[in-house]
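Dear colleague,

I am passing on the structure we spoke about, and below it you will find my notes. Please read them with the coordinates open.

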Amino acid sequence: MKSFTVLQGVVAPMDRANVDTDLIIPKQFLKSIQRSGFGPNLFDGLRYLDEGEPGQDCSKRPLNPDFPLNQPRYKGASVLLARENFGCGSSREHAPWALEDFGIHCIIAPSYADIFYNNCFKNGILPIELDAATVDRLFAELYASEGYSEEFEVTVDLANQTIQTPSGETIRFEVDEFRKHCLLNGLDDIGLTLENAEAIRAYEQRWRRESPWLFDSVR
Amino acid sequence: MSGQTLYDKLWQSHVVQQRDDGSALIYIDRQLIHEVTSPQAFEGLRLANRQPWRLDANFAVPDHNVPTEVHERSGGVAGITDPVSRLQVQTLDDNCRDFDILEFEVNDVRQGIVHVVGPEQGVTLPGMTIVCGDSHTSTHGALGAMAQGIGTSDVEHVLATQCLVQQKMKNMLVRVDGQLQTGVTAKDVVLAVIGQIGTAGGTHHAIEFGGEVVRSMSMEGRMTMCNMAIEAGARVGVIAVDDATIEYVRGRPYAPRGELWDQAVAAWRELHSDADAHFDRIVELRGEDIEPQVTWGTSPEMVLPVNGVLPNPATIDDTGRRAATERALHYMGLKSGMSITDIKLDAVFIGSCTNSRIEDLRAAAAVVEGRKVAANVKRALVVPGSGQVKRQAEAEGLDKIFTAAGMEWREPGCSMCLAMNSDKLGEGEHCASTSNRNFEGRQGFGGRTHLVSPAMAAAAAVAGHFVDVRNW
Ligand code: SF4
């Protein structure tokens, strides 16, 4: 698993609620059997004016000039500022794979869909949940910084659970201890679970005695 | 101390290890696998030199990418024309063979959409914990199981450890009492629920559906309800086990038999919330009040009764909601103030894990029998959820009713629900669809989806626009 410690980066806005994972990475790109290479198709339907196909060279496609990630001021963005219920819909982990491949390592939003939120941590992406009023304020500040990207860079520090904004403000955020620990250290969570192999075996034996019909039924 | 909810019971019986930070290691009884979200998980296992923890807990079937067109399908995996799709389906076959996991391959008569096949084969049983790399795994909760969608990293995690690390969710009860009007179905009920609580209404919750309406619903209807729990933001939807559940499971190919069956049934009888169970949130609806529902926008919560009128953004105070309404109207090519019944259709899709079971096809066939699809509807697909549903429908002559009406009768698969194969909408086309998501581009680039029940979709196919199936 990739680790996340401190990130200093440009913030880009994704100013709509209920951004679904179909929007983050449309289905035609889910045919890939790889874990990487999804970045050029992140937000494909919003970013380009034509319909994207897998395997295509995206550098020649017509860009939608209104889409923030296409605008020079958000070039190289690594933080996405978003709205409620980000990542709803399909469980596709291709969504965080696409974000990560594009270079987005942190998301700030008032709320996330459960499956997407969990998938982020598995891929070195930190999804930060802040109250809606604070997110509103960040959007306002971001839009007010009219010039180029450096004007709205934030520093996200996972160990200290803080975000420093350009105005000098420090915002604290909450994150689950176990997830924080895994993300900071880039731990292999399967390896961690397997450290409890004895407990799993003990449970399994007892469960098999209590519910024998759940075992060996499929084969 | 108050009693336990069904979800509490399912959770508690599967805790391997409780951790101080509130998370727990949860044992998984069944993992369902399909071609889209599993290749990277198998690859991960290989790279780390790991073996599946328990082979007989896994079951695989290709569904998302498989062609549903009869001719293309007849060639099996090798006959899939899109090379990228073919490789993905082939990779599932290869992985299942290499790791020795049971798979119903593409032309196995039992193949179908994973959420239709699981319950139908008895691979899904009450009391289980079930995962699948697919958000609509919530469907299986209709049998009193704790079933949820997971990402690919977790698919690998479950393959390797038979466990998942999770935080327990909160409990929500959606109670629908009273009686449904004739022509109003489970799909309308669940869309009405989503319209009321919103697509994030169930986030961090497991939703239990209860009340007289749910108790008197068929298992098919219950599956439709739980299927769309995720569209209300809840990973898990559950319904208490009762006689209907047990009768449904009895005799299924992978269901327990003999003495084991009796033991199982005795345990399953406990799978309901205690009378004094505590729910963090309760939502109540009256069955009589629910009308046939149609979504008009790009989120399942953008839904109205069939006699409704499209909203006017100018009257919405909340800026976020106003912007979302404007954007949705624009994407859908619709105007505020327009009646739902004035929406003209280019396509109709009857299928998906929400509504492709035998009862759904019967309802649609009853509406189109002896009639023709309207001239402006260029394409009407009927895609059964599984090979078994297909054979049953053919035995009842439903396929003939559909084809006589001018509809296409297809092979089982996800098809136009997400349009990963060639079954997709053209840009700007409006489709009456029995699936579960009306997101932008879901059924094809620029496609416009309206979610409805099978009966409503069938009536819309004949009329060429939405009509109230209660007056059919
Ligand atoms: S039918 Fe649609 S929602 Fe169901 S599993 Fe297939 S793609 Fe997903």
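**Cavities, a pocket and a sheet**

The lining of the second largest cavity is made up, by class, of seven nonpolar, seven polar and two charged residues. Please keep in mind throughout that this is a predicted model. The volume of this second largest cavity comes to about 130 Å³, and among the 16 residues that line it, those closest to the centre are Cys88(A), Gly89(A), Ala113(A), Ile230(B) and Gly233(B).

In total there are four cavities of 30 Å³ or more. The largest cavity has a volume of about 220 Å³ and a lining of 24 residues, with His64(B), Asp134(B), His136(B), Leu418(B) and Arg442(B) nearest its centre; that lining divides into eight nonpolar, 11 polar and five charged residues.

Turning to the pockets, the second largest pocket holds about 990 Å³ of space. It is lined by 49 residues, of which Asp44(A), Gly45(A), Leu46(A), Glu440(B) and Phe445(B) are the closest to its centre. Two or more lining residues come from each of strand E1 (6-14), helix H1 (21-24) and helix H2 (44-47) of chain A, and from helix H12 (319-332) of chain B. By class, the lining of the second largest pocket has 18 nonpolar, 14 polar and 17 charged residues.

Strand E9 (residues 170-177) of chain B is joined to E12(B) by six bridges in the parallel sense, and Met172(B) has Arg281(B) as its bridge partner in E12(B).

Is Ser433(B) buried or exposed? Its relative accessible area is 0%, and Ser433(B) is therefore buried, the cut-off for this being under 20%. Leaving aside residues up to four places away in sequence, Ser433(B) touches Lys187(B), Phe349(B), Gln443(B), Thr449(B), His450(B), Leu451(B) and Val452(B).

With best wishes

How values were computed:
Residues are numbered from 1 along each chain as its sequence is written. Chains are lettered from A and ligands numbered from 1 in the order in which they are written. This is a predicted model: local features need pLDDT of at least 70, side-chain atom pairs count only at pLDDT 80 or more; totals for chains, interfaces and linings use all residues. Side-chain values use heavy atoms; hydrogens and water are left out. Two strands pair if DSSP finds at least two bridges between them. Helices (H or I, at least four residues) and strands (E, at least two) are DSSP runs, numbered from the N terminus. Buried means under 20% relative accessible area, exposed over 50%, partly exposed in between (1.4 Å probe, protein chains only). Contact means heavy atoms within 4.5 Å. On a 1 Å grid over the protein atoms alone, a cavity is a set of points where a 1.4 Å probe fits but cannot get out, and a pocket is an open set with protein on both sides within 12 Å along at least five of seven lines; lining residues have an atom within 4 Å of a point. Grid points are joined across faces, edges and corners, and a volume is the space filled by probe spheres set on the points. Ala, Val, Leu, Ile, Met, Phe, Trp, Tyr, Cys and Pro count as nonpolar, Asp, Glu, Lys and Arg as charged, and the others, Gly among them, as polar.
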